Amino acid sequence: AALVKVSLAGAVTAIGGLAGYALVDLWSAWLPFFLVAASSSFVYVALADLIPQLQTRLTARETLAQICWLLSGIALVSLVSGLAHRH
């Protein structure tokens with residue numbers, strides 16, 4: 001049963017990719033809005049996973065590590081965004 005479900009999920013993914021490729025030119029003006037909706041769902045999933053962990057007390061070292069990871073993520077996104085918009 002698991003093999004059938006995984007195969008169906010893979011097939012639907014391929015069909016969705018082909019449909020997206022075919023429709024990207026028609027809906028190019030709407031692409032930023034679709035990307036915002038997709039990225040906001042990723043942020044929601046990440047926050048829903050992190051919120052229970054935020055209720056615990058952290059040591060100063062763990063807090064500093066989280067701040068460093070957050071700043072690293074912001075720097076990485078800024079770098080990739082800057083490189084993507086240069087061309």
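Helices are DSSP runs of H or I with at least four residues, strands are E runs of at least two, and both are numbered from the N terminus. In this predicted model, local features need pLDDT of at least 70, side-chain atom pairs count only at pLDDT 80 or more, and totals for chains, interfaces and linings use all residues. Residues are numbered from 1 along each chain as its sequence is written, and side-chain values use heavy atoms, without hydrogens and water.

User: What percentage of the 87 residues in the chain is buried?

Analyst: Buried means under 20% relative accessible area, exposed over 50%, and partly exposed in between, with a 1.4 Å probe and protein chains only. Helix H1 is hardly covered, with a buried count of zero among its 22 residues. For the chain, the buried share is 0%.

User: How far apart are the end C-alpha atoms of helix H1 (residues 2-23)?

Analyst: The expected span is 1.5 Å times one less than the number of residues. For the 22 residues of H1, that should give 32 Å. The model agrees, with the ends at 31 Å.

User: At what angle are the ring planes of tryptophan 27 and phenylalanine 34?

Analyst: Rings of Phe, Tyr and Trp (its six-membered ring) pair if their centres lie within 6.5 Å; planes under 30 degrees apart are stacked, over 60 edge-to-face, the rest tilted. The structure holds two such aromatic pairs. In this one the centres are 6.0 Å apart, and the pair is tilted because its planes stand at 50°.
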